[in-house]
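Work through the exercises below with the model open. Each task is followed by a stepwise solution.

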Amino acid sequence: MDVLVTAKTRYATKAYNAEKKIPQQQFEKLLEVLRFSPSSVNIQPWHFLIAETDEAKQRIAKALTGNYIYNSAKVLNSSHTLVFCTRTDISAEYLEQLLQQDELNGRFKDETAKQGQRDTRKGYVEFYRNELKNLSAWMENQTYLALGQLLFAAGLEGIDATPMEGFDRDTINQEFGLAEKGLKASVVISLGYRSENDFNAKLPKSRLPDQVVFTRL
């Protein structure tokens, strides 16, 4: 599908057809697109929980009660639902893991290049941690880059999607033991195919005009 057509036609799906599932090979393709999402200094501060079974989706739905009940059916009727998690800190050990992966993937021509990457990443982390004092927000920003990549990829593949911030984060964190893993839940996304009863599918898309959102210098 053309990228502009995708941008103009994809939307946040409000109701899913519970009987229609994403073919496994196509879903794995989306996961690989997600894995290759961009992030500042390739910090990759994310982890993704994948719910394919009804049982797994029910666990996520525990966080969709009370004020968030309106999102419950989107998860339960989806083909797949993912919880996007963000690291709660960046340790020296994690930075070394990233560096070793870079080396394994052949990104360094010599030790000088490797040390340069080590210093750059550490510098960014320390800058956001100690000077701007918003390391957590910086990391979560990267997770949202990954969300945008998946949303657009799904649209290109003809798959419907719904990003959701309306859920109880404490419930998700406790249900999956995220704090013990150095993670926190940031956003949930359901994937699948729209129901014929999805009112949002019939509504025109609305965006501010270009003269409002662009300043051509």
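**Exercise 1.** Which side chain does a polar contact of 2.6 Å join to that of Thr86?

Solution. The model is predicted: local features need pLDDT of at least 70, side-chain atom pairs count only at pLDDT 80 or more, and totals for chains, interfaces and linings use all residues. Numbering starts from 1 along each chain as its sequence is written, and side-chain values use heavy atoms, with hydrogens and water left out.

- Step 1. Locate Thr86 in strand β2. Strands (E, at least two residues) and helices (H or I, at least four) are DSSP runs, numbered from the N terminus.
- Step 2. Check burial. Thr86 has a relative accessible area of 0%, so it is buried. The cut-offs are under 20% for buried, over 50% for exposed, and partly exposed in between, with a 1.4 Å probe and protein chains only.
- Step 3. Find the partner. The side chain of Ser186 makes the 2.6 Å polar contact with that of Thr86. A polar contact is a pair of N or O atoms within 3.5 Å; within protein, one must be able to donate a hydrogen and the other to accept it, and residues adjacent in sequence count only if both atoms are side-chain atoms.
- Step 4. Beyond four places in sequence, Thr86 touches residues including Pro45, Met139, Glu140 and Leu183.

**Exercise 2.** Is Ser79 buried or exposed? Describe its surroundings.

Solution. 

- Step 1. Ser79 sits in the loop between α4 (72-76) and β2 (80-87).
- Step 2. Its relative accessibility is 2%, so Ser79 counts as buried.
- Step 3. The Ser79 side chain makes a 2.7 Å polar contact with the side chain of His80.
- Step 4. Leaving out residues up to four places away, Ser79 touches Lys20, Lys21 and Ile22, among others. Leu191 and Gly192 are also among the residues touched.

**Exercise 3.** Which element gives the most residues to the lining of the largest pocket?

Solution. 

- Step 1. Three elements each supply at least two lining residues: α2 (24-35), β1 (46-51) and α5 (92-104).
- Step 2. α5 gives the most, with 5 residues.
- Step 3. By class, the lining has 9 nonpolar, 7 polar and 5 charged residues. Ala, Val, Leu, Ile, Met, Phe, Trp, Tyr, Cys and Pro count as nonpolar, Asp, Glu, Lys and Arg as charged, and the others, Gly among them, as polar.

Notes:
Contact = heavy atoms within 4.5 Å.
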